[in-house]
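Good morning, and thank you for joining. I would like to take you through some helix packing in the model now coming up on the screen.

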Amino acid sequence: MSAALASKYGYDEWLVSRFLQYVPDVDGFLEKMERPPAKYIRVNTLKTSREELVARLVAKGFELGDTAIHDVLAVKKALLPTGATNEYLLGHYYIQDLSSCMAVEALGADKGQAVLDMAAAPGGKTTYIAQKMKNTGSIVALEPVEKRARSMAFNMERLGVSNTCICQLNGLRAADIGTFDRVLLDAPCSCEGVIAKDPGRKTSHSPEDVDYCASRQEKMLKVAIQVARPGGVIVYSTCSFAPEENEAVIDRAVKEFGVRVEPISHGSEGMRSFGGTDFDPGVRNSRRFYPHLHDTTGFFVARLRK
Amino acid sequence: MTYRKPTREETTAINRALGRWGAYEALKDSTFLVKDGKPNKVCIVSPALEEQAIALQPYAAGLEIGELGKQFTPTVAGAYLFARSGKSRLCVQVGDDAEKLVLYGRDVMGDSIIEAAQDLDENELVILTNQKGEAIGIGRTRFAGKSLLQKGRITITTLADAGRYLRDEDESRTKMARR
């Protein structure tokens, strides 16, 4: 079956055979990945209101729809490129997938808190956190590559963010800079969930990449837990479906560090077992987002309490 | 590049600039940092970020609102805050068509100006706003007073605009594609 599906949709067979183990309705999933992903924008309430933005974009011929998150709008029709309106240039919205906003929702950052974003560029989640905090408190955003840090600084400027600093530092060194009430780790991953945006990923990576990513993710999550204050929240997310990069990483964190996995209101339940390993029962509180079920890019989110 | 608290002289210069740009009342209690450079840059930061930024000396901190040279020159982000904070005589309002052109970096024709203070001098820095009063760029007047409104001539040179975010991104993509 995997060979036929791989041939039909142009994937490496090993990848489809893996999807058959952990993606529900693989046919529907592969079909969905052939179509352009849904478009979403997030209202930047640091500069405008949802009502004001909707009125302005509708006047320009946009058709917008509601989503599970009040500040996020589905773009159903646009006469202009979404990234070329005056409102975009003035920072009234950010083009961001709904699933990515779910990670920020799960973080629950509030006014006055100290927040760390361990893998921040290009800054979509960071700027959404700043918006949630109404530009109070502080956010330390880490991005080791200067070009990406510069791009992120542009986004912060465009969106009017004043409570954030960008440090050119690898997330693995976050322990050097203090402790935090909230820690977001949107971990570098094998990106299985964004194939609809980047079809080259159907054939560009190997099973070894998943193992490499999982090993790095585990190290980064260990640091994230270390720098979270007692009682603090860590949100771990990836845009991969691979259980090795998701539930397995969370399961080991629960067992090794005693963190609790807290419920999240949207998405599908996390897996209970994979590859012969039964995960801690709390791991099912993590959430999976599938393109064909949730109309988002593929995503995984877990909210951990230290 | 070092982030530090402003000196007393710099604080005076910042307050004077806020007054000149009509934003003193709205922003006087904000927390400012100076980023050393040529010229020095002024950033607004949340109070909680101030000490953290000084300790960490990050790549970027807070919102860069202007440059402190011989005079204070606002950035587009600073202009946006100033225009939103209060009405300044240094704001020049342009029409919808001109808004699109300014966002492509084009200069302003006299015909496009909807509103400008009559006491503006030649060679004066101004904030270009759209009809909703939102800053879309920074300009420098080529004429004084009513002459700014003359038809068929460029009367304000656009120095910076909010559209550069998009142009810089496109340029960066083009460079990447060339590699």
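Is the crossing of H9(A) and H10(A) left-handed or right-handed? The crossing is right-handed, where right-handed means that the near helix is turned clockwise from the far one by less than a right angle, and left-handed anticlockwise.

A word on conventions. This is a predicted model, in which local features need pLDDT of at least 70, side-chain atom pairs count only at pLDDT 80 or more, and totals for chains, interfaces and linings use all residues. Residues are numbered from 1 along each chain as its sequence is written, chains are lettered from A and ligands numbered from 1 in the order in which they are written, and side-chain values use heavy atoms, without hydrogens and water.

Helices here are DSSP runs (H or I, at least four residues), numbered from the N terminus. The axes of H9(A), residues 207-227, and H10(A), residues 247-257, come within 10 Å and cross at roughly 40°; axes are lines fitted to C-alpha atoms over the stretch in contact, with angles from 0 to 180 degrees between N-to-C directions.

In the contact (heavy atoms within 4.5 Å), H9(A) contributes residues including Leu221(A) and Ile225(A), and H10(A) residues including Ile250(A) and Phe257(A).

Turning to H1(A), residues 2-9, Ser2(A), Leu5(A), Ala6(A) and Tyr9(A) are buried, meaning under 20% relative accessible area with a 1.4 Å probe, protein chains only. These buried residues pack against H2 (13-22) and H3 (26-33) of chain A. After H1(A) comes Gly10(A), with a positive phi near 80°.

Terms used: Buried < 20%, exposed > 50% of the residue type's maximum accessible area, 1.4 Å probe, protein only. Helix = DSSP H or I, 4+ residues; strand = E, 2+ residues; numbered from the N terminus.
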